[in-house]
Amino acid sequence: MRETVREICEELNITQNEAELILSTILERPRFEIYLTGGLDENQKKILRLRLTQLKNGVPIEYITKKVQFLSYRLAVYPGVFIPRLETEYFVELIFKLINCPVERILEIGTGCGAIAIALADFFTKAMVFATDISYLALKNARENITLFNLTNRIHLLGADLFAPIKGNFDLIVSNPPYVPCERFNLLPKSVREFEPRKAIDGGNKGVQIIKRIIDYSSEFINEDGLVALEIEEEQVPYLTTYIKEKGLTFIFKKDLFDRYRYLFIGNSVL
């Protein structure tokens, strides 16, 4: 097995830690167990070779294993559905810290595989969550994960373009919207631009087209003491600052774990 790890390192030009993680994910074993076996059988070697070829061609490992880890949740993720990132894990944790009103109704715009909705429903145990997505594939993926965690009675999925079918007000509106500027889309890594859904990534001119729509419509659906939470890109901070000030809203930007401004929170209680 150590020889296999070494070969993966050389073939993919990665560290031993990364190779061990890949091998444990592909074999669906805890990382500390991969050296406890006597090695791979012929069938496992064929599968590993196929998966390594896919990885070399840019396919995200999450699409190969059809699994993604998000916080403490092991989720299914379908090829063609946006893969949740580490930054979004921290985003959810910040929401828990910043919101200070009772949370009974939550709206998530663009749920993808359902990661944010599941985490929020698990934390706000008395809240009903309404999660939308424009993609049928994403909704199917989210339903599988919601069922896995026994949350079908508390998370309601809606096929929608942003707020189209939404009714009522919410204590929390959250979204990780498409925010990459369209002019930079072709500069993204191959694993992103060729395999993940463009609709979930491309935010149009300056990357703020969907963000602006969410900000504009949120005022119609958010409760007085509620919180609107959005992921953004750091370069958008000056533009969004001007845009939100013109609307007379109270807001704050927060940094991610890499010291980059990544999150926008709007609401009377954020300062």
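At 16% relative accessibility, Leu157 counts as buried; buried means under 20% relative accessible area, exposed over 50%, and partly exposed in between, with a 1.4 Å probe and protein chains only. The model is predicted, so local features need pLDDT of at least 70 and side-chain atom pairs count only at pLDDT 80 or more, while totals for chains, interfaces and linings use all residues. Residues are numbered from 1 along each chain as its sequence is written, and side-chain values use heavy atoms, with hydrogens and water left out.

Leu157 sits in strand S5. Helices (H or I, at least four residues) and strands (E, at least two) are DSSP runs, numbered from the N terminus. Not counting residues up to four places away in sequence, Leu157 touches Thr111, Ala131, Leu139, Ala142, Arg143 and Ile146, where contact means heavy atoms within 4.5 Å. Cys9 lies 148 residues from Leu157 along the chain, and the C-alpha atoms of the two are separated by 41 Å.

## The sheet

Seven strands form an open sheet in the order S5-S4-S3-S6-S7-S9-S8, and the pairing is mixed. Strand S5 (155-159) and S8 stand at the edges with a single partner strand each, so one side of each has no neighbour in the sheet. On average, neighbouring strands of this sheet are turned by 20° against each other, direction ignored. Helix H5 (residues 86-98) packs on the sheet and touches strand S6 (170-175), S7, S8 and S9; the direction of H5 makes about 35° with that of S9. For such angles, axes are lines fitted to C-alpha atoms, for helices over the stretch in contact, and angles run from 0 to 180 degrees between N-to-C directions.

Thr132 belongs to strand S4 (residues 128-133). Thr132 is buried, with a relative accessible area of 0%. Leaving aside neighbours within four places in sequence, the contacts of Thr132 are Leu107, Glu108, Ile109, Gly110, Thr111, Leu158, Ala160, Leu162 and Ile166.

## Strand S9 and its partners

Strand S9 (residues 261-266) is mostly covered, with five of its six residues buried. Strand S7 (residues 222-231) pairs with S9 in the antiparallel sense over four bridges; two strands pair if DSSP finds at least two bridges between them. Glu231 stands opposite Tyr263 in S9, and Val228 stands opposite Ile266 in S9.

Strand S8 (residues 251-255) also pairs with S9 in the antiparallel sense, over five bridges. Here Lys254 is the bridge partner of Tyr263 in S9. S8 and S9 form a hairpin with five residues between them, and Asp259 in the turn has a positive phi of about 65°.

The axes of helix H1 (residues 2-12) and H2 come within 9 Å and cross at roughly 110°. That makes H1 roughly perpendicular to H2. Angles under 35 degrees count as roughly parallel, over 145 as roughly antiparallel, 65 to 115 as roughly perpendicular and the rest as oblique. The H1 and H2 crossing is right-handed; a crossing is right-handed if the near helix is turned clockwise from the far one by less than a right angle, and left-handed if anticlockwise. Thr4, Val5, Ile8, Cys9 and Leu12 in H1 meet Gln16, Ala19, Glu20, Ile22 and Leu23 in H2. Seven residues of this contact are nonpolar, two polar and one charged. Ala, Val, Leu, Ile, Met, Phe, Trp, Tyr, Cys and Pro count as nonpolar, Asp, Glu, Lys and Arg as charged, and the others, Gly among them, as polar.

Helix H2 (residues 16-27) also meets helix H3 (residues 42-56), with axes that come within 11 Å and cross at roughly 120°. H2 and H3 are therefore oblique to each other, and their crossing is right-handed. On the H2 side the contact has Ile22, Leu23, Ile26 and Leu27, and on the H3 side Gln44, Leu48, Arg51 and Leu55. The residues of this contact divide into six nonpolar, one polar and one charged.

## Loop residues with positive phi

Asn150 is not a glycine, yet has a positive phi of about 55°. Asn150 lies in the loop between helix H7 (136-148) and S5 and is exposed, with a relative accessible area of 63%.

Lys206, likewise a residue other than glycine, has a positive phi near 65°. Lys206 is found in the loop between helix H8 (190-193) and helix H9 (209-221). At 44% relative accessibility, Lys206 counts as partly exposed.
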